[in-house]
Amino acid sequence: MPQLIAGNWKMHMLRAEAVALAQALRTGAAGGAAELLVCPPFTVLAAVAEALAGSAVAVGGQDCHQDKQGAHTGDVSAPMLRDAGASWVILGHSERRLNHGETSELVREKTVAAVAAGLTPIVCVGETADQRAGGGEAEAVGWQLSGSLPQGFADGPGGVLAYEPVWAIGTGKTPTEDEVADMHAFIRAELVRQFGDAGAQVRILYGGSVKPANAGALLALPEVGGALIGGASLTAADFLAIAGAAARG
Ligand code: PGA
């Protein structure tokens, strides 16, 4: 399976910049080894999806509500994302878990809703700095994995997991290669424990301060099935350089 290189644009990009970035990615993406995805903010998702239609770059949302529709001011549902041109959605990002109080149980409900709407979920897990300092990183990630992933997560085309240590996001700090390899091995074992053979097929992305300079080393580690990229996904040159470092698995 190819490695997945996913860009999380977070709360960046007005329409003109978003479409210009999408067009640059469209031109630069053709023929690479990696599978490419960008997740723009809701307001420009349809415009980006239109700019990337028929290209090698897929489009996803950054979150969705767990219900299909209803009285939920300010929220967006999975069928709405699909209708706007998304085929993927990021769920349980630490910025949602920490800033919006999202629990693993809620993330699991959202994941069920995403799959029901035909979206491929990327479910994020990762420990805080305090948890790692106290040696509790595997326990923290283990609880998130058992709480956030619904039955059937690994079936069919299957969902994707993203390991993003909270302290590495947007900080320029990354875990050592051994720390990434150890956590990915732990996550793989947990996925197999939860889902049997299907758990062995789930791609596990690394995320947190991935940039062109460190992408090659991170993407070469065992059990790393791709990368989830924030800051470096906002320029075509950096995102495409990271994609160029990916290999077909
Ligand atoms: P970063 O963000 O690449 O800016 O560290 C990663 C993420 O939050 O997905």
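Trainee: Which residues of helix α2 (residues 42-52) are buried?

Mentor: Heads-up: this is a predicted model, where local features need pLDDT of at least 70, side-chain atom pairs count only at pLDDT 80 or more, and totals for chains, interfaces and linings use all residues. Residues are numbered from 1 along each chain as its sequence is written, and side-chain values use heavy atoms, leaving out hydrogens and water. Helices (H or I, at least four residues) and strands (E, at least two) are DSSP runs numbered from the N terminus. Buried means under 20% relative accessible area, exposed over 50%, partly exposed in between (1.4 Å probe, protein chains only), and in α2 that picks out V44, L45, A47, V48, A49, A51 and L52.

Trainee: In what order do the eight strands close into a barrel?

Mentor: Two strands pair if DSSP finds at least two bridges between them. The pairing is parallel, and the ends join up too, since β1 (residues 4-8) and β8 (residues 226-229) share four bridges, as the pairing rule requires at least two. The order is β1-β2-β3-β4-β5-β6-β7-β8.

Trainee: By how many degrees are neighbouring strands of this sheet turned against each other on average?

Mentor: Axes are lines fitted to C-alpha atoms (for helices, over the stretch in contact), and angles run from 0 to 180 degrees between N-to-C directions. For this average, though, direction is ignored, and the value is 25 degrees.

Trainee: What angle does helix α5 (residues 104-116) make with β4?

Mentor: Helix α5 packs on the sheet, touching β4 (88-91) and β5 (120-125). Its direction against that of β4 comes out at about 180 degrees.

Trainee: Which way do the residues of strand β7 (residues 204-207) point, and are they buried or exposed?

Mentor: In a regular strand, side chains alternate between the two faces of the sheet. I204 and Y206 point one way from β7, while L205 and G207 point the other way, and all are buried.

Trainee: How much of the ligand does the protein bury?

Mentor: Start with polar contacts, pairs of N or O atoms within 3.5 Å (within protein, one must be able to donate a hydrogen and the other to accept it, and residues adjacent in sequence count only if both atoms are side-chain atoms). A polar side-chain atom of H93 sits 2.6 Å from a ligand oxygen, and E164 has one at 2.6 Å as well. A backbone polar atom of G231 is 2.8 Å from a ligand oxygen. By Shrake-Rupley with a 1.4 Å probe (for residues, only the protein chains shown count as cover), the ligand alone exposes 280 Å², and the buried share is 94%.

Note on methods. Contact = heavy atoms within 4.5 Å.
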